[in-house]
Amino acid sequence: MIQFPGEHSAHAPASSQAVLLDRLGEQLYGIGAVVFVLVVGALLAAAFRPRAAAEDVEDPTRERRMAAIVAAAAGATVATLIAVLFLSFGTGRELTGTPPPDAIQIRVTGRQWFWDVEYRDSLPSRWATTANEIHVPVGRPVVFQLRSTDVIHGFWVPSLGVKRDMIPGQETSVWFRADTPGVYRGQCAEFCGYQHAKMAFTVVAEPPDRFAAWLDRQRDTARTPTDSLTRHGQDVFLASTCVMCHAIGGTPAGSRVGPNLTHLAGRRTIAAGTLPNTRGHLAGWIVDPQQIKPGAHMPPNALAPGELQALLAYLESLE
Amino acid sequence: MSSAFPSRPGALVLALALVWGLGCERETRRFREVPPTATPGSALRLSSINPGPAVPDSTIRSTYAENAYAVSEGKRLFTQFNCVGCHAQGGGAIGPPLMDDEWIYGAQLENIFATIVQGRPNGMPAFGTRLATSQVWQLAAYVRSMSGLLRKDVAPGRADAMQAKAQEQATTEQRPEESTTPPQAERP
């Protein structure tokens with residue numbers, strides 16, 4: 001039916017769950033339209049009907065006919081409501097059913113104000129950690145294990161039809177199967193403080209072979225700096241405020257307070273879906289994040305120009 | 001009207017002004033350094049005497065030690081930067097306790113700031129270049145709240161994790177004693 005395209009649209013379903021929800025929405029709209037036409041028709045018919053003669057009003061056969069019409073209308077209303085109830089129940093059952101056993105498990109932790117993403121494996125050495133950008137394969141079910149470590153957040157990707165609260169101390173889960181490759185936008189759907197409105201993320205649905213290649217790259221440690229500028233940048237990273245909060249795989253930086261930066265350069269956005277990942281935006285974000293997202297937990301970093309350039313060169317090399 | 005105030009509305013306005021004046025300063029959330037490039041050297045003073053003409057007094061106390069948001073940020077950082085790894089939740093472990101009345105290197109905000117930035121012998125790391133100046137002040141203010149040295153309306157009243165002790169807000173004041181720092185080395 002009618003679709004409203006966009007990376008953040010519940011009316012452009014791109015997953016198994018979103019299709020179900022969209023179908024339910026269309027069914028409800030359809031039933032609602034029929035009911036609306038019938039009600040308005042009855043109203044107009046009553047308004048333009050010629051006035052009955054006084055003796056007709058007393059007529060018992062007419063009275064019985066009217067009673068039958070009202071009873072039929074009431075019965076039809078109840079039947080419609082029950083039908084809607086069953087449609088909604090059936091969709092809910094399909095949506096929340098047990099995910100297939102071959103599903104991929106992705107653990108997402110909501111934090112003030114970013115998303116910590118972990119791809120786990122039976123071998124801990126093959127775990128991959130990233131942030132704010134979730135890749136999923138097309139045609140394979142994906143289960144999200146949702147957690148929070150501070151306040152309640154809401155995991156919501158309208159185009160993929162998933163929305164579930166992330167509650168501190170209680171793991172929730174939601175699953176879907178992406179059917180259409182594409183880049184979709186997710187957004188926190190539960191007010192969580194200052195930067196709630198700018199707590200977004202990206203979901204990239206791609207063919208299974210490209211997904212596998214991406215995941216393999218994420219499992220690797222960060223690229224070792226090769227030239228003197230990036231080496232200096234790494235030294236700046238490890239000796240300044242960065243290292244207290246951010247982790248880069250393969251270096252001594254291992255803090256889990258802020259987003260993992262091991263493969264930062266491969267991401268489309270920075271600052272939880274707020275800015276495009278370009279050198280200029282990255283520099284502005286590092287020097288004065290409070291200007292861009294007041295209240296975010298990253299402090300301003302007054303780096304010397306040479307140090308900042310080296311740091312930027314290093315961060316841009318982390319593919 | 002023989003009341004002490006000129007009128008009832010006047011008294012109300014005065015009361016509101018007082019509440020506003022007291023309440024807002026305590027709640028103000030400062031996200032950017034004032035000035036943004038403050039380095040430890042420019043803000044940290046361990047003496048009230050200075051050469052040359054008098055300089056305006058620093059606003060560090062009102063910005064951090066009298067501000068509830070700054071202290072609660074300090075509480076968050078205290079766990080996230082793993083201060084708890086050595087000092088536990090103030091009771092001390094391989095590091096000295098921070099909720100008692102004993103201060104080896106001074107109990108003033110500036111002394112705690114210097115201790116965090118410079119590090120101390122026998123285990124305290126020097127966090128100088130690894131922390132933003134604002135974060136050190138927030139941590140220092142929180143450390144003072146642990147032994148009840150901050151105002152009750154400023155000290156944190158909640159904890160997000162399970163706690164084995166009373167909230168900082170409910171801590172009775174432990175007047176600093178037994179400091180090995182000579183009195184003249186502590187900021188008056």
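**Figure 1. The largest nonpolar core of the predicted model holds 57 residues.** Within this core, the residues that touch the most other members are Phe155(A), Leu160(A), Ala272(A), Leu311(A) and Leu315(A). Helix 8 of chain A supplies six residues, the largest share of the core. Both domain 1 (1-49 + 98-219) and domain 2 (228-316) of chain A contribute residues, so the core lies between them. The model shown here and in the other views is predicted.

**Figure 2. Contacts of Leu160(A) with residues elsewhere in the sequence.** Leaving aside residues up to four places away in sequence, Leu160(A) touches Ala14(A), Ser15(A), Gln17(A), Ala18(A), Phe176(A), Ala178(A), Tyr184(A) and Val203(A).

**Figure 3. Helix 8 of chain A, residues 305-316.** The helix has 12 residues, and the distance from its first C-alpha to its last is 16 Å, close to the 16 Å expected at 1.5 Å a residue. Its buried residues are Ala310(A), Leu311(A), Leu312(A), Ala313(A), Tyr314(A) and Leu315(A). Among the elements that cover these buried residues are helix 5 (228-239) and helix 6 (279-287) of chain A. Leu311(A) and Leu315(A) are also among the residues with the most contacts to other members of the largest nonpolar core.

**Figure 4. An open sheet of five strands in chain A.** The strand order is 4-10-9-6-7, with mixed pairing. Strand 4 and strand 7 (162-166) are at the edges and have a single partner strand each, so one side of each has no neighbour in the sheet. From one strand to the next, the twist averages 20°.

**Figure 5. Strand 10 of chain A and its two pairings, with strand 4 and with strand 9.** Strand 10 covers residues 200-206; five of its seven residues are buried, so the strand is largely enclosed by the rest of the structure. Its pairing with strand 4 (residues 133-137) is parallel and spans five bridges. Here Glu133(A) has Thr202(A) of strand 10 as its bridge partner. Strand 9 (residues 182-188) runs antiparallel to strand 10 and is joined to it by six bridges. In strand 10, Ala205(A) is the bridge partner of Gly182(A), and Ala200(A) stands opposite Gln187(A).

**Figure 6. Helix 4 of chain A lies across strand 4 and strand 10.** The helix comprises residues 208-219 and runs at about 140° to strand 4 of chain A.

**Figure 7. The contact between domain 1 and domain 2 of chain A.** The domain assignment divides chain A into domain 1 (1-49 + 98-219) and domain 2 (228-316). Their C-alpha centres lie 29 Å apart. In the contact, 19 residues of domain 1 meet 14 residues of domain 2. On the side of domain 1 that touches domain 2, at least two residues come from each of strand 2 (114-119), strand 3 (128-131), strand 10 and helix 4.

**Figure 8. Chain B has seven helices and zero strands.** Along the sequence, the pattern of chain B is α-α-α-α-α-α-α. The chain has 188 residues, of which 30% count as buried. Of the contacts in chain B between residues at least 6 apart in sequence, 69% join residues at least 24 apart.

Note on methods. Residues are numbered from 1 along each chain as its sequence is written. Chains are lettered from A and ligands numbered from 1 in the order in which they are written. This is a predicted model: local features need pLDDT of at least 70, side-chain atom pairs count only at pLDDT 80 or more; totals for chains, interfaces and linings use all residues. Helices (H or I, at least four residues) and strands (E, at least two) are DSSP runs, numbered from the N terminus. The expected span of a helix is 1.5 Å times one less than its number of residues. A residue is buried if 20 or more other C-beta atoms lie within 10 Å of its own, exposed if 12 or fewer, and partly exposed in between; C-beta atoms are placed from the backbone. Two residues are in contact if their C-beta atoms, placed from the backbone, lie within 7 Å. Two strands pair if DSSP finds at least two bridges between them. Axes are lines fitted to C-alpha atoms, for helices over the stretch in contact, and angles run from 0 to 180 degrees between N-to-C directions. A nonpolar core is a set of buried Ala, Val, Leu, Ile, Met, Phe, Trp, Tyr and Cys residues joined through C-beta atoms within 7 Å. Domain bounds come from an automatic or database domain assignment.
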